[in-house]
Amino acid sequence: MGIGNIFRAFQPKDKIFFDLFERIADTLIDMSKTFHEGLLEFDVNDESMLNQMSDYEHKMDDLTHEVFVQLGENFITPFDREDISQLAAGLDDIADYIYASAKYIYLYKTPENKVYSEFSLLIYKSCVELKKAIENLKDFKNPNEVKESCIKINSYENIADDVLSQATVKLFETNDAILIIKQKSILDYLEVVTDKAEDVANIMESIVIKYA
Amino acid sequence: MGIGNIFRAFQPKDKIFFDLFERIADTLIDMSKTFHEGLLEFDVNDESMLNQMSDYEHKMDDLTHEVFVQLGENFITPFDREDISQLAAGLDDIADYIYASAKYIYLYKTPENKVYSEFSLLIYKSCVELKKAIENLKDFKNPNEVKESCIKINSYENIADDVLSQATVKLFETNDAILIIKQKSILDYLEVVTDKAEDVANIMESIVIKYA
Amino acid sequence: MGIGNIFRAFQPKDKIFFDLFERIADTLIDMSKTFHEGLLEFDVNDESMLNQMSDYEHKMDDLTHEVFVQLGENFITPFDREDISQLAAGLDDIADYIYASAKYIYLYKTPENKVYSEFSLLIYKSCVELKKAIENLKDFKNPNEVKESCIKINSYENIADDVLSQATVKLFETNDAILIIKQKSILDYLEVVTDKAEDVANIMESIVIKYA
């Protein structure tokens, strides 16, 4: 398509943005992998996982800020400035909510809930698809593969919805109001992570529709 | 106005989008009517209403997806692509939160709460106004009538806010923490439906401001 | 910069928008100051503070509506119409959530919680920075000072996050499920106010990046 060709003519400038987005996606993969592994062998007294989540969250803030700095310095961007800033903000939201989930898992010190790691696996898988989608967005050659990754991310969000409702019903069976308030709030945070991944997938799908 | 005339020159292409938006609005009217009637004669052991909500939610997903497919295939759109995609996403959110409300009403199996049908009536009335606004947006002849529908939707959201706070205070009088957690969460979902309808009204008002 | 100069050529028309945004920022400063002072000497039986919050919230609705009316009447705007409407909507959200916080503080009639006024002080400080940022946005001479205000607002939101998590953990020590549900919900509303201020800061930063 014509617009795609125009886009490819600007490669050197664009490289800055795609390099940044790939580093962001890699950071999210590392963050969600560490989160998932930390939950599989969770120990409330060992806060090393929480500290790593905090470090990743700061790294994501820095990378997101760098996208905005680059937007200010480059008149030519691979796609609309609004799309770039929305994409960066959306990816940062994912990190924010992973960190918030980890924070409250440690703060509330409730007994282990096996469901947390079901969520973290879905989150990790979503981040892997986000990385693929960003790579395929770079070439603008593979719009269908971007779409396929987005469909997978949407399906992980649907699964997360079901995991949430089943886990919530099971949680109420404990009849322990205070435990319910704590764990329901953590489950809600975890589900929001998959919502934020879906938001990013929708942003990428609309970019593909515009330019591919 | 000049822009309005330019717009009207593209009618055949536009028809696709307005036809889709009218089908979406009709689906929301049917969905909210079935939801309201189901709540008026609610029976937790008869899940037919929930199944219908699930069917409507899938139908809305398909129609929303069709809007995005059409955006990809049509260079000429009746108004900005961003407005069309925001409108479609906003209308889909309404269906998602009606379905979520219905799901948790069935899952939590709490005793009937008369307030649910007060909300569903406000939701149904909002969907009727959304349909009117979409029809009046089509002609671009009746910007004032679009605005009037939007004002009504905003007023339903205000009423829903009051219904929520009064119902929540009354709920606390039961002093039953677990019942409170469950029903408060359902009331919050129901109120979000009216928030989402207000978001759509705001999108339509800003479209009218731009083009009418 | 060239774009900045073009912008300054339109001053008379722009004045309408900046005058409105300054009145909005002044209203938010007054509102948050009254809210903070009301919480410092809180008396659940004296609803005068709540009535003032309701008045301010209505005043903000009127001013926000006036921004949209002016958008409809002016073809020339100081920056993109989307940015103006997002800025107006974001500032209105701050007022909505201050009012919601106040409403539930009165409705739930729970014993005083010293933390509420820690939040209201952060909210007041954020509104003071919003006013500064809007003034510095007007001239487009001081993009760095806009950015500095935005950084401060972001830091208040970070502090609010910590205040929230510490207050929530302390709240659970009461072991009183119903008190926890009520006060947790108020704390969450208060924290959302600082989130909404951060959203506005992000909108202003992206405006500065585009035009400064």
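Trainee: At what angle do helix α4 (residues 81-108) of chain A and α7(A) pack?
Mentor: Keep in mind that this is a predicted model. The axes of α4(A) and α7(A) lie 9 Å apart. Their packing angle is about 165 degrees.

Trainee: Is α4(A) roughly parallel or roughly antiparallel to α7(A)?
Mentor: Start from the angle, about 165 degrees. The cut-off for the antiparallel class is over 145. That makes the pair roughly antiparallel.

Trainee: Which classes of residue make up the contact of α4(A) with α7(A)?
Mentor: The crossing of these two helices is left-handed. By class, their contact holds 20 nonpolar, four polar and five charged residues.

Trainee: Now chain C. At what angle do the axes of α5(C) and α7(C) cross?
Mentor: Helix α5 of chain C covers residues 115-139, and helix α7 of chain C covers residues 177-211. Their axes come within 10 Å. The crossing angle is roughly 15 degrees.

Trainee: What does that make α5(C) relative to α7(C)?
Mentor: Roughly 15 degrees is the angle to classify. Angles under 35 degrees count as roughly parallel. Therefore α5(C) is, relative to α7(C), roughly parallel.

Trainee: Is the crossing of α5(C) and α7(C) left-handed or right-handed, and which residues meet there?
Mentor: α5(C) passes α7(C) in a left-handed crossing. From α5(C) the contact takes in C:F119, C:I123 and C:L130, among others. From α7(C), the residues include C:L187, C:L190 and C:M204.

Trainee: How many residues of the contact of α5(C) with α7(C) are nonpolar?
Mentor: Three residues of this contact are polar and one is charged. The nonpolar residues number 17.

Trainee: Let us cross between chains. How are α7(A) and α7(B) oriented to each other?
Mentor: Both helices span residues 177-211 of their chains. The axes come within 9 Å and cross at roughly 30 degrees. The limit for the parallel class is under 35 degrees. So α7(A) and α7(B) are roughly parallel.

Trainee: Which residues of α7(B) meet α7(A)?
Mentor: The crossing is left-handed. α7(A) brings A:A177, A:I180, A:I181 and A:K184. By class, the contact has six nonpolar, one polar and one charged residues. On the α7(B) side the residues are B:A177, B:I178, B:I181 and B:S185.

Trainee: What area do chain A and chain B bury between them?
Mentor: In this interface, 17 residues of chain A are in contact with 15 residues of chain B. Carbon and sulfur atoms carry 73% of the buried area. The buried area is about 1200 Å².

Trainee: Which residues of chain C lose the most area to chain B?
Mentor: Chain C has 15 residues in contact with 17 residues of chain B. The two chains bury about 1200 Å², with 73% from carbon and sulfur atoms. Here too the salt-bridge count is zero. Three residues together give 36% of what the chain C side buries: C:Y108, C:I178 and C:I181.

Trainee: Which residue forms a salt bridge with B:K196?
Mentor: The whole structure has 26 salt bridges over all chains. In the one with B:K196, the closest N and O atoms are 4.0 Å apart. B:K196 is in helix α7 of chain B, and its partner is in helix α4 (residues 81-108) of chain B, 103 residues apart. The partner is B:D93.

Key: Residues are numbered from 1 along each chain as its sequence is written. Chains are lettered from A and ligands numbered from 1 in the order in which they are written. This is a predicted model: local features need pLDDT of at least 70, side-chain atom pairs count only at pLDDT 80 or more; totals for chains, interfaces and linings use all residues. Side-chain values use heavy atoms; hydrogens and water are left out. Axes are lines fitted to C-alpha atoms, for helices over the stretch in contact, and angles run from 0 to 180 degrees between N-to-C directions. Helices (H or I, at least four residues) and strands (E, at least two) are DSSP runs, numbered from the N terminus. Angles under 35 degrees count as roughly parallel, over 145 as roughly antiparallel, 65 to 115 as roughly perpendicular and the rest as oblique. A crossing is left-handed if the near helix is turned anticlockwise from the far one by less than a right angle, and right-handed if clockwise. Contact means heavy atoms within 4.5 Å. Ala, Val, Leu, Ile, Met, Phe, Trp, Tyr, Cys and Pro count as nonpolar, Asp, Glu, Lys and Arg as charged, and the others, Gly among them, as polar. Buried area is the accessible area (1.4 Å probe) that two parts lose on being put together, summed over both. A salt bridge is a side-chain nitrogen of Lys or Arg within 4 Å of a carboxyl oxygen of Asp or Glu.
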